[in-house]
Amino acid sequence: MRDITPLVAPRSIAVIGASANPTKSGGVLFNNLVKGDFQGPLYPINRTATQIMGKTAYPTLAEVPEKVDLVYIVLPQQHVEDAVKQCVAAGARAACIITAGFSEASQEGRGAEQRLREIARASGLLLAGPNTIGMVNAEVGMMGSFVNFPRWESGGVSFFTQTGIFTGAVMLHVMSGTTQRLPVGKSVDVGNKVDVDELDFLHFVADDAATKVIGLYIESIRNPRAFFDKAREVRKSKPIVLLKPGRTRDGAKASASHTGSLASDNDILDGALRQYGIARAEDEDDFLNALRALAMLPRPRGKRVGIATTSGALGVIATDLVVEGGLELAAFEPATLAAMRAILPDWLAPANPFDFWISIDIKGPREAHEVGLTALFADPNVDLVLCTLLAPGNADFPEFGDLIRRLRQTYDKPVALVIYGGEAEQRWTAALEGAGVPIFKTTRAGARALSLMVEATM
Amino acid sequence: MLTQASDDIAMLIAAAREQRRNVLSEPEAKAFLRAQGIPVPPGRAIPTAEEAPVVVGEVGAPVVVKAVAHQLTHKTDVGAVIFPVESPAAAEAACRTIAARVASHRPDIALDGFLVEAYRPAQPEWIVALRNDAHFGPTIMFGLGGIYVETLRQVSFRLAPLCDRDIEALLSERPAMKLLSRARGLAPADRGAVVDVLRRLSDLSQQRLIARDISEIEINPLAVTENGVLALDALIVLHP
């Protein structure tokens, strides 16, 4: 199996098409690499400039004083093939073609892309793209993209995507977050996937100490058997969430058998993902939520959920979603029920979901939350916790953040938190920043994240 | 036993190839399944309607009578399956009715004869299949079968070979599969016998001959009763 380190974690980078022009992709990408503090040498390749952003420019790749690991190609489509040949001639180990206008655009583009593939296969050059926003690796300070990310931090989530601008949209969204940010440290967008593929990526992240959780957006799996075999091994320590659209595309074909008509790629893939323990996200929200849960939380020990809520309706909604998601409702221990009874009126028996709104009236918000939530977290039958809490007026209390932090640390169980309530919601969210507690906008998002987490880890 | 079965399927495949067809007839497919230890109803194929009463005598009424023609893969669509047939005379008449229906709906098809089998109802009907997918390789499908299989799509796939855990998951993935456990008005189902069929198909998927020549083995419907399973219909498609 080949090693894609020169592509994903290069020691040196050249940019063919680098310029000082901030309105051009090549200008923005080079600017981002410089601003991102790439740790190795950066070589702008430009026929006319002598220096770009303080870096010595070279008219051609051949004149660069070393064999570089990675070359970004940001040129008009008709010049790309020649640039790839230059990479091979100069002994570069990898190239990433940002330029679009290949198989996604036209029949001619398809032909041009096929020639790129042949060059890569014949020479051993690792090729990403074409039609990609580029690659990011916070560990080596590589912000190799024409998308302007507002800030960058390293993190345990590694992305592999087979898309054009979608990755840019998702990454921009993730990077712009100020609270509850998904800790993405690496993002490898291979665009039209001319060469480097998801299997290469799995081999890389398997040995990458910084990668803790893997997110894949792919439109096809090139070699399903090898992919699933590797995924089965990798997921034991690094859970995988996959987003592959086209779930409803009509897979029906004329066939002698019913099986032939039913066997759409999507249905087979769906079965294989369950079989190999890869969680399948339905949309981008689902994808990011599942990854955030996996990145922030410990692994679940089972699939029994304890639901705590201060809204009866949200409790029932949560129950539906949990069960539909393949999880189970935990049966509380007698000790748990006894502790819950202490904050409820005589006429109300505790149950799962545990609705303790009335306890706020009786005991005040701090004691109600502390006693109720502690009982739920402490129950040995509860593998995962889903809290849907209201934060208005009399439910609000200043120690909320401390309480949840303490419960999270003491019991070390996966918990998904949903908070409803204007100003207090923001305060509660802020109080939990860095606590390893994912907060979700809706009950559905929280329940789905827990379900996907179980699929990816158990 | 296994070698014998392999030889048999090799002969069936060779015969089909010689006749330039890529579908095995139902009697051929059932002979293969029987050799693989997957139960099929008692009965046999006959070349002419006159022989139907003899088979009824052998297996006992009621029987089901079907057209045999390898081109005819969706037999019920043209009325080429009649059941339950209660007497030897009625079986012979059923053969003639089927011949007439096929002649009027599909004049392009030449009947090879008829299959007369003991009639065994299936409620519900299940489908199991091994399919060598061009992209994913050998896959196993299980689900609710019968003629509504494509409408309801209560089926699931797994990549073969299957481990016990895969089989267990496959048998409980879709809502309709609850009918396999227990349901009002239905006889209890021999879940173990279904597991056994899936295991046999999974083993078959790993045999070279199967992987090389066979595109699909489909059992639909599979009847699951209190004490076993029966492949009521079967289709084997060869790679083109």
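In this predicted model, start with helix α5 of chain A, which spans residues 166-176. Its buried residues are A:T167, A:G168, A:V170, A:M171, A:V174 and A:M175. If you look down the axis of α5(A), these buried residues fall within an arc of 165 degrees, so they line one face of the helix.

Chain A is assigned two of them, domain 1 (5-295) and domain 2 (298-457). Taken over C-alpha atoms, the centres of these domains of chain A are separated by 38 Å. Where they meet, 17 residues of domain 1 of chain A are in contact with 17 residues of domain 2 of chain A. On the domain 1 side, β13 (240-243), β14 (279-281) and α10 of chain A each supply at least two residues. Which of these elements gives the largest share of that side? It is α10(A), with 7 residues. By class, the domain 1 side of this contact in chain A divides into 9 nonpolar, 4 polar and 4 charged residues.

Now turn to a pair of helices in chain A, α3 (residues 80-89) and α4 (residues 107-123). Their axes come within 10 Å and cross at roughly 5 degrees. Angles under 35 degrees count as roughly parallel, and that makes α3(A) roughly parallel to α4(A). From α3(A), the contact is made by A:E81, A:V84, A:K85 and A:V88; α4(A) answers with A:A112, A:R115, A:L116, A:I119 and A:S123. Sorted by class, this contact has 5 nonpolar, 1 polar and 3 charged residues.

Finally, bring chain B into the picture. The contact between the chains takes 26 residues from chain B and 18 residues from chain A. Several elements of chain B each supply at least two residues to the side that touches chain A, among them β6 (126-133), β7 (137-144), α6 (164-170) and β9 (214-225). The element that gives the most is β8(B), with 5 residues. Overall, the side of chain B that touches chain A divides into 12 nonpolar, 6 polar and 8 charged residues.

Note on methods: Residues are numbered from 1 along each chain as its sequence is written. Chains are lettered from A and ligands numbered from 1 in the order in which they are written. This is a predicted model: local features need pLDDT of at least 70, side-chain atom pairs count only at pLDDT 80 or more; totals for chains, interfaces and linings use all residues. A residue is buried if 20 or more other C-beta atoms lie within 10 Å of its own, exposed if 12 or fewer, and partly exposed in between; C-beta atoms are placed from the backbone. Helices (H or I, at least four residues) and strands (E, at least two) are DSSP runs, numbered from the N terminus. The arc is that of the directions from the helix axis to the C-beta atoms. Domain bounds come from an automatic or database domain assignment. Two residues are in contact if their C-beta atoms, placed from the backbone, lie within 7 Å. Ala, Val, Leu, Ile, Met, Phe, Trp, Tyr, Cys and Pro count as nonpolar, Asp, Glu, Lys and Arg as charged, and the others, Gly among them, as polar. Axes are lines fitted to C-alpha atoms, for helices over the stretch in contact, and angles run from 0 to 180 degrees between N-to-C directions. Angles under 35 degrees count as roughly parallel, over 145 as roughly antiparallel, 65 to 115 as roughly perpendicular and the rest as oblique.
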